[in-house]
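Hi,

Here is the structure I promised to pass on. Have a look at it first, and my notes come after.

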Amino acid sequence: YLDHRGFEKLSSNAHTRLSLELLQPVMYLCGKSCKGSQFTGIKVVGISQIRDQENFSFKKVIFDKKVIGTYFEAGADKEIYLCGLCGCGESFEEQISGLYENMERIVSEYGFRSTDIYRTYFYLRNLLNNYEQFNINRDKFFKKIYFGRVDYPASTCIQGHSFYNDDVTAIIMASSTNYTRICTEKQCEAK
């Protein structure tokens, strides 16, 4: 069992952190809810081959010398899952801009368009202070790739951080499979 105190202790131990990184792509998270309750958890993406399926392959996605995701193909369908993607920089603005640049570069390297991104999870270290700037950058990125239309993938933004103590980190999912995006007024998009 790993609570938030154990997470903080583990994340400060470089040897333990390196051992856990070998289990990638796994994203270790810690944070507080808006009401102040602590949470600690992991995000794991598991992929298994369907028995006797032909043309199935998968490989780890490596970025900045770390395994941050999984890419797989099954016939004509391709998917990529990125866990723990972040941007570099001292300020939140530098990190969020860098995250979107890295996201666009990685999905492109694996043969996807940015419009193939269908699901995102963002973890902000300080949600209340950075949420407005986060939304400005998210709007700017998605308006650019959708030529002015605001057409976001399904998205969740949570207060939390990874082992790397970044101000923003993300989980990204993209697919080459044709799918129908469902939009509803019940979605609560931040403006």
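This is a predicted model: local features need pLDDT of at least 70, side-chain atom pairs count only at pLDDT 80 or more; totals for chains, interfaces and linings use all residues.

The core first. The largest nonpolar core has 30 residues, and V61, I80, L82, L85, Y100 and I106 are the ones with the most contacts inside it. Several elements give two or more residues to this core, including strand 3 (56-63), strand 5 (77-85), helix 3 (92-109) and strand 8 (168-175). Helix 3 supplies the largest share, 7 residues. Apart from this core there is another one, made of 8 residues, among them F72, Y81, Y121 and M173.

Leaving out residues up to four places away in sequence, L82 touches V61, I68, G69, I106, V107, A170, I171 and I172.

Next, N102, which sits in helix 3. Is N102 buried or exposed? Its relative accessibility is 11%, so N102 counts as buried, the cut-off being under 20%. Beyond its neighbours within four places in sequence, N102 is in contact with F63, L85, C86 and G87.

Then there's helix 4. Its 19 residues should span 27 Å at 1.5 Å a residue, and the end C-alpha atoms are 25 Å apart, which agrees. Helix 4 does bend, by about 25° at Q133. Its buried residues, including L127, F134, R138 and F142, pack against helix 3, strand 6 and strand 7 (154-159). Just after helix 4, F147 has a positive phi of about 55°.

Cheers

Methods:
Residues are numbered from 1 along each chain as its sequence is written. Side-chain values use heavy atoms; hydrogens and water are left out. A nonpolar core is a set of buried Ala, Val, Leu, Ile, Met, Phe, Trp, Tyr and Cys residues joined through side-chain atoms within 4.5 Å. Buried means under 20% relative accessible area, exposed over 50%, partly exposed in between (1.4 Å probe, protein chains only). Helices (H or I, at least four residues) and strands (E, at least two) are DSSP runs, numbered from the N terminus. Contact means heavy atoms within 4.5 Å. The expected span of a helix is 1.5 Å times one less than its number of residues. The bend at a residue is the angle between axes fitted to the seven residues ending there and the seven starting there.
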